[in-house]
Amino acid sequence: MTDTTRAILAALQRRRATSFARVLIPGEAGTPDLAVQSAAELDAALAKRADLPRRIAVGAAHFATGADAHDLAHPGTTSSDTRPLSGQVAIVSGAASGLGRAVALGLHRAGACVAFTDVDRAGLQAIESELGDADHVITVVVDVTAEASVAAGFDAVLARFGRIDTVHCCAGVAPAHDLVDFPLDRWELSLRINLTGYFLYGREAARVMRSQGHGGSMVLLSSKSGLEPSKSNTAYNATKAGELHMARGWALELGRDGIRVNCIAPGNVFEGSKIWNPDYIAKAAQKRGIRPDEVIPYYNSLTALNREIKGADIANAAVFLASEQARCVTGQVLVVDSGQVWTR
Ligand SMILES: NC(=O)c1ccc[n+]([C@@H]2O[C@H](COP(=O)([O-])OP(=O)(O)OC[C@H]3O[C@@H](n4cnc5c(N)ncnc54)[C@H](O)[C@@H]3O)[C@@H](O)[C@H]2O)c1
């Protein structure tokens, strides 16, 4: 997508804050209800009329618009959806597995249109077939460490829905080694995925949301290890603590744009996680002097509630932070750990 297409969609958002839009391919174009030559002309034309033109042409680019996602997919129909995230468009990184997948599914259940993004193409395809909801779901292959890939991912979401309201950074890795044996390449990989990846998503989100002019929210999935260190986890501890502080700075910087930035710090979540693979569980068992099959009950027993944390528990926190219910919450860390760390 060219900057001009982003500028056109942003102009539409600034004048019609609740509207959705889709970039049309040449065969779909038809006769527009409004034809102008530039984003500035679109802005001026929309300022003079109260309706939402259903087909807009700006130069050679054509767009379909809708009052909400339902209307965009099935023109002329109205939706009575009252779920907390109805009318929002979300993009989630690391959404093919574990907590990213759980968060993205939770946002979808809460009524959002959701872009599942990940490097794992097969995992994304499986989710797309499982959900079977093309009106509200897209999947996009994005490598969070590559600037151009992240920009292209955001462009794909804008081309499909015309807006982005909430961004959830979840793609992460956790190589565990003793400090004296920590390989430099594993340290650098952690920095690239856990810090650069979050930075690139946050920067792109800020650019889009600021230009749309109606705020938004970002949720960074950190970890309890960002608050209290885990043993033999140097890169994870450093990057997860870095995410917390990056979010606080963004909350300060973006508050005047109505953009809220918060973190979730989950405790250990075993369900569906590829971080908690058999090797990782074996290392955790060795670290604690227990058998691998004792690891989950052992970690649960470290919590005040003695309760296993599920993906849905993290998703519920993400839905809350993205919703209007959290409109006065920014720069915070919501710890979802059944009561394990007491640092905030
Ligand atoms: N599982 C836990 O116990 C736990 C606890 C606290 C925080 N977290 C956080 O949750 C997040 C997910 O962890 P998980 O346990 O679900 O892991 P996971 O390995 O199951 O999922 C991580 C996902 O990130 C994707 N990914 C990796 N590199 C990528 C890249 N360069 N670009 C795009 N996607 C990429 C993977 O393909 C995978 O789908 C991480 O940020 C982690 O720090 C997990």
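A residue is called buried here if 20 or more other C-beta atoms lie within 10 Å of its own, exposed if 12 or fewer, and partly exposed in between, with C-beta atoms placed from the backbone. Pro32 has 17 C-beta neighbours inside 10 Å, so it counts as partly exposed. The structure is a predicted model, in which local features need pLDDT of at least 70 and side-chain atom pairs count only at pLDDT 80 or more, while totals for chains, interfaces and linings use all residues. Numbering starts from 1 along each chain as its sequence is written.

Pro32 sits in the loop between strand S1 (20–23) and strand S2 (34–36); helices (H or I, at least four residues) and strands (E, at least two) are DSSP runs, numbered from the N terminus. Leaving out residues up to four places away in sequence, Pro32 touches Arg55, Ile56, Ala57 and His62, where contact means that the C-beta atoms, placed from the backbone, lie within 7 Å. Pro32 and His62 are 30 residues apart in sequence, yet their C-alpha atoms are 7.8 Å apart in space.

On to the ligand. Its shell takes in 30 residues, of which Gly94, Gly98, Gly172, Ser273 and Lys274 come nearest; a residue is near a molecule or strand if its C-beta atom, placed from the backbone, lies within 6 Å of it. Sorted by class, the shell holds 15 nonpolar, 11 polar and 4 charged residues. For these classes, Ala, Val, Leu, Ile, Met, Phe, Trp, Tyr, Cys and Pro count as nonpolar, Asp, Glu, Lys and Arg as charged, and the others, Gly among them, as polar. Helix H4 (residues 98–109) gives the most to this shell, with 3 residues.

H4 also packs against helix H11 (residues 311–322), at an angle of about 50° and with the axes 8 Å apart. Axes are lines fitted to C-alpha atoms, for helices over the stretch in contact, and angles run from 0 to 180 degrees between N-to-C directions. H4 and H11 are therefore oblique to each other, given that angles under 35 degrees count as roughly parallel, over 145 as roughly antiparallel, 65 to 115 as roughly perpendicular and the rest as oblique. Residues of H4 in this contact include Leu99, Ala102 and Val103, and those of H11 include Ile314, Ala315 and Val319. By class, the contact has 11 nonpolar, 3 polar and no charged residues.

Helix H7 (residues 184–212) and helix H8 (residues 234–254) pack at about 15°, with axes 9 Å apart. That angle makes H7 roughly parallel to H8. Among the residues that meet are Trp187, Leu191 and Tyr198 in H7, and Tyr236, Met246 and Trp250 in H8. This contact has 11 nonpolar, 5 polar and 3 charged residues.

Ser232, in the loop between strand S9 (216–221) and H8, has a positive phi near 55°. Ser232 is partly exposed, with 17 other C-beta atoms within 10 Å. Asn306 lies in the loop between helix H10 (295–301) and H11, and its phi, near 50°, is positive too. With 11 C-beta neighbours inside 10 Å, Asn306 counts as exposed.

Finally, Val336 belongs to strand S11 (residues 333–336). Contacts of Val336 include Ile264, Pro266, Asp313 and Ile314.

Methods
Two residues are in contact if their C-beta atoms, placed from the backbone, lie within 7 Å.
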